[in-house]
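Subject: Structure handover

Hello,

Here is the structure I said I would pass on. My notes on it follow below.

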Amino acid sequence: MSIQKIQSEFDKLSNILNNNIIADECTAGTLKEVHDQLQEAILSGDPAQYLRNKKITQQLLLFEETSPVVGKVIKDIMNTLAGMGI
């Protein structure tokens with residue numbers, strides 16, 4: 001998968017955070033951390049290796065299970081990462 005695909009999914013996550021769709025501050029804070037890690041991965045030029053090192057998929061799975069509001073976006077991100085071999 002290309003960086004453009006993960007960037008597209010990242011943009012969707014950014015929109016969720018920017019529009020304050022998540023009312024729970026704890027969930028929003030943790031999701032922001034994941035958002036920032038994805039941003040660093042994209043900027044690193046090798047998102048697959050970066051994300052493997054951060055074990056971000058575990059955090060994303062937790063969000064997919066606990067936050068139905070962002071479930072679709074998280075599922076899309078997970079599918080993109082799976083396509084990258086992560």
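The axes of helix α2 (residues 25–44) and helix α4 (residues 56–66) come within 11 Å and cross at roughly 145°. Axes here are lines fitted to C-alpha atoms, for helices over the stretch in contact, and angles run from 0 to 180 degrees between N-to-C directions. Helices (H or I, at least four residues) and strands (E, at least two) are DSSP runs, numbered from the N terminus. The α2 and α4 crossing is left-handed; that term applies if the near helix is turned anticlockwise from the far one by less than a right angle, and right-handed applies if clockwise. On the α2 side, T27, T30, L31, V34, Q37 and L38 meet I56, Q59, L60 and F63 of α4, where contact means heavy atoms within 4.5 Å. This contact of α2 with α4 has 6 nonpolar, 4 polar and no charged residues. For these classes, Ala, Val, Leu, Ile, Met, Phe, Trp, Tyr, Cys and Pro count as nonpolar, Asp, Glu, Lys and Arg as charged, and the others, Gly among them, as polar.

Some notes on the source. This is a predicted model in which local features need pLDDT of at least 70 and side-chain atom pairs count only at pLDDT 80 or more, while totals for chains, interfaces and linings use all residues. Residues are numbered from 1 along each chain as its sequence is written, and side-chain values use heavy atoms, with hydrogens and water left out.

As for the whole chain, the protein has 5 helices and 0 strands, in the order α-α-α-α-α along the sequence. Its C-alpha atoms fill a box of roughly 35 × 20 × 20 Å, taken along the principal axes. A compact globule of 86 residues would have a radius of gyration near 12 Å, and the chain agrees, with 12 Å. That radius is taken over C-alpha atoms, and the globule rule is 2.2 Å times the number of residues to the power 0.38. Of the 86 residues, 42% are buried; buried means under 20% relative accessible area, exposed over 50%, and partly exposed in between (1.4 Å probe, protein chains only). Among contacts with a separation of 6 or more, 60% join residues 24 or more positions apart.

Next, the pair α1 and α2. Helix α1 (residues 3–18) packs against α2 at an angle of about 155°, with the axes 10 Å apart. The two are therefore roughly antiparallel to each other; angles under 35 degrees count as roughly parallel, over 145 as roughly antiparallel, 65 to 115 as roughly perpendicular and the rest as oblique. The crossing of α1 and α2 is left-handed. Residues of α1 in this contact include F10, L13, S14 and L17, and those of α2 include L31, H35 and L38. By class, the contact of α1 with α2 has 9 nonpolar, 4 polar and 1 charged residues.

H35 belongs to α2 and is buried, at a relative accessible area of 8%. Leaving out residues up to four places away in sequence, H35 touches F10, L13, S14 and L17.

The last pair is α4 and helix α5 (residues 71–83), which pack at an angle of about 150° with their axes 9 Å apart. That makes α4 roughly antiparallel to α5. α4 passes α5 in a left-handed crossing.

Finally, K54 lies in helix α3 (residues 47–54) and counts as partly exposed, at 40% relative accessibility.

Regards
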